[in-house]
Amino acid sequence: MTNSAGSPKDITRRQMLRRIGLTALVAGPAGSMLAACATGGSSSEASPSAAPSAAATSAQNPFGVKADAPLEVVIFKGGLGDSYAKDVHEPMYKKTYPNATIKHVATQQIAQTLQPRFASGDVPDFIANSGTDLMDNGALQSEGQLLDLTPLFEAPSIDDPSKKIKDTILAGTVESGLIAGKPFILNYVSSGYGLWYNTKLFQEKGWAPPKDFTEFKAVCEKIKAAGLTPYAYAGKNASYYQYWMILITAAKVEGNQVLLDIDNLVDGAWLKDSVKQSAAAWAEIGKYIDKSYEGLIHTEVQTRQNQDKVAFYPSGSWLENEQKSNTPKTFEYAVAPTPSLTPSDKMPYEAIRVASGEPYIIPAKAKNTAGALEYARIMLSKEGAKGFTEKSGSLTVVKGAAEGLSLSPGIKSLNDAIGAAGDNIVTYSQFENWYKELETELRKQTNSLMFGRISADEFCANMQKKADSVKADSSITKQNRTV
Amino acid sequence: MRKYGFIFSFLVIPVILYAIFVISPYLQAFYISLTNWRGISANPQFIGFENFTRLLGDDVFWAAVRHHAVLLVAMPLITIAIALFFSFLLNVGGGSKSGKMAGVRGSKFYRVVYFFPQVLAVAVVGVLFQAIYRPDNTGVLNGLLDLVGLGPVGWLIDTNLALWSIMGVIIWQGVGFYVVLFSAGMAAIPSEVFEAAALDGAGRFRLFFSITLPLIWDTIQVGWVYLGIAAFDAFALVQVLSVDRGGPDNATTVLPLEIWRTAFTFSKFGYASAMGVALFFLTITFAALSLRVTRRERIEV
């Protein structure tokens, strides 16, 4: 192999295109989707140009952005929409670099859109890698496709150049994006998770959110007697809303260690008592769900909650914003922490899962990595974060960026819950992004458990079996976390 | 010789295109199925038959294969039976009119109506049936059951029912095409044959089983092979309709769906290719068996 003039690179790229194409063809009947991907890849004929000669770095320009280098931003257009990028962050970037052209791409299928481009080497500069069809960040990192974001977190903040960015964002944000010990992911949105309910309805009926599972069952009985479905989630496409609750309860019983063990594929992690007890307790609540909810999608269940047909709905802080246009005047969102299992739980009732989520990544082989880093720095400024919260209704990891904004009832209730929790924070589960196979299995097993087809013991055994097989699979790069 | 040159010049381009776009990808897929390629970088590692040995112990893979077996038997049978019934009614069912066999009244209209589902894109059909199969009484089917006082049926959430519900959609969409196919077959039967039989006092039942069926047997076999190959697909409908893509409890999953998931969700293109190769052999086996059966029938007739 020679290193001359990029020709070997070209050949590889073409080989890769061909390989992607052939996978599509072998899949044969799987047809349209795969084929669409293959075409998506082959249309990118621009040869990978040499990195644009970097401009000099300065306090204002810590990454050496070339002022006229084009920037391509790909945004997952889901619950958060994409106007935060189009109307806030991109104009802010344009203001600093008026000569740069920004290409904005919005999609709901990140993987189908971008996987062929990664294989061919023609990658965009900045990606919101979210949604059901996000790309496997662990796989991307292990193939050297992700840019190490350490320089971003070490860079001076736009608001106060004397501070580093990592000191202006919530604790745990950098850690939540670690792969193999380095930050490759910017988790930008701060999300809280719990049981959502309608304050107005609950006040009218005299119900209160339960503090433990005994109370939970009691209030479910009352709600059932009133003719509502006490509890529901969408089995068809959002069973992860439910497995979060199971994991949170397990963490409340045992502490965050159980979640770390699950992430680290520790032998027997799924067989722990805390997981079993949590699964058994939730299976009991499953008896209050109408069977039909297994066949509904999340927006259908959310709508039924807005119609006061469902009392409790497990979800995250984006729920209120996602339902904004459908919420009637009689409905006011509030969130309650996941109930405690027993009084001897390690964490108090107030403990709540707050996590930085919504992964943003920069491809290592992007043409304008400096511009992408600067774009991320803009997102992490107070102005950028405030604009994001205004447009998307979600809080960011930027400290104090929501100050002065008038928060909606649901977000305000979440803010209060986070305040009450103090240091009792249930951690995020990384395996969801690290090991998609395990995550897929958990979705299936959660539906089976909650709709009464398997017992808590079987649930744990099935999950452990899958975890063992992922651990034994040499093609999957293993990750580890200590915090 | 000049004649062959002429034919050759017409054949060579399609053959080259076929080799480049069909055969060579297949061959490369065989190679990829022997690697642990994750679809992202250009350095797949050769791992021999590991993917295939793993496939043998993969419950989801076998569930998918079982579902193809069910589809392969039930779907063509039901589709062909319904299509034959309809096309017989449309072509012969009305009896003899002024010396020509005719269908039941309004048969031209029905023929168009039966073909409608075929015109719709599969994704549209999927979304349509989401509303029809919805598990509570807001669903079209359950709403109707509700009117007559029957409880809601979990069309897509009952593990015993889900695959059959999806099969129902495939049949609903496919029948129209086979009605047209069989109608063409029946139109090719000389009407004197029917008239002679009718004069001899044969009823519709007799006309169908003793005249129509044997004379369009070849067409039915073609339909059988088409439907068999379709039974190895079902990707789009399962993807759109089933609980959690292939659920509940893997009750509806099919190989193309697992290939798609393994490649694009799990980033395991090597393993997905191994599944693709398995699917390739299943399809080839089916096609070879069908062709053999067909050949024997010809000799007997």
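1. Asp87(A) is partly exposed because its relative accessibility is 44%, where the partly exposed class lies between buried (under 20% relative accessible area) and exposed (over 50%), computed with a 1.4 Å probe on protein chains only. The side chain of Asp87(A) meets that of Lys391(A) in a salt bridge at 4.0 Å, N to O, the term being used for a side-chain nitrogen of Lys or Arg within 4 Å of a carboxyl oxygen of Asp or Glu. Asp87(A) sits in helix H3 (residues 83-96) of chain A and Lys391(A) in helix H16 (residues 382-392) of chain A, so the pair ties together parts that are 304 residues apart in sequence. Helices here are DSSP runs (H or I, at least four residues) numbered from the N terminus, as are strands (E, at least two). Lys391(A) is likewise partly exposed, with a relative accessible area of 37%.

2. On provenance, this is a predicted model, in which local features need pLDDT of at least 70 and side-chain atom pairs count only at pLDDT 80 or more, while totals for chains, interfaces and linings use all residues. Residues are numbered from 1 along each chain as its sequence is written, chains are lettered from A and ligands numbered from 1 in the order in which they are written, and side-chain values use heavy atoms, with hydrogens and water left out.

3. Over all chains, the count comes to 31 salt bridges. One of them pairs the side chains of Asp267(A) and Lys471(A) at 3.0 Å, N to O; Asp267(A) belongs to the loop between helix H11 (257-263) and helix H12 (273-286) of chain A, and Lys471(A) to helix H20 (residues 456-472) of chain A, 204 residues apart. Asp267(A) is exposed, with a relative accessible area of 58%, whereas Lys471(A), at 37% relative accessibility, counts as partly exposed.

4. Between Arg304(A) and Asp136(B) there is a salt bridge whose closest N and O atoms are 2.8 Å apart. Arg304(A) lies in helix H13 (residues 298-306) of chain A and Asp136(B) in the loop between helix H5 (122-133) and helix H6 (140-147) of chain B, so this pair joins two chains. Arg304(A) counts as buried at 9% relative accessibility, and Asp136(B) is buried with a relative accessible area of 13%.

5. The largest nonpolar core has 103 residues, of which Phe216(A), Tyr231(A), Trp270(A), Trp282(A) and Phe312(A) touch the most other members; such a core is a set of buried Ala, Val, Leu, Ile, Met, Phe, Trp, Tyr and Cys residues joined through side-chain atoms within 4.5 Å. Helix H10 (residues 239-254) of chain A supplies the largest share of this core, 11 residues. Both domain 1 (8-190 + 355-407) and domain 2 (191-354 + 430-472) of chain A give residues to this core, so it lies between them; the domain bounds come from an automatic or database domain assignment.

6. A second, separate core of 65 residues includes Ile80(B), Leu145(B), Met167(B) and Ile171(B).

7. Thr212(B), in helix H9 (residues 204-215) of chain B, counts as buried at 0% relative accessibility. Its contacts (heavy atoms within 4.5 Å), leaving aside neighbours within four places in sequence, are with Phe88(B), Met186(B), Ile189(B), Phe194(B) and Leu207(B).
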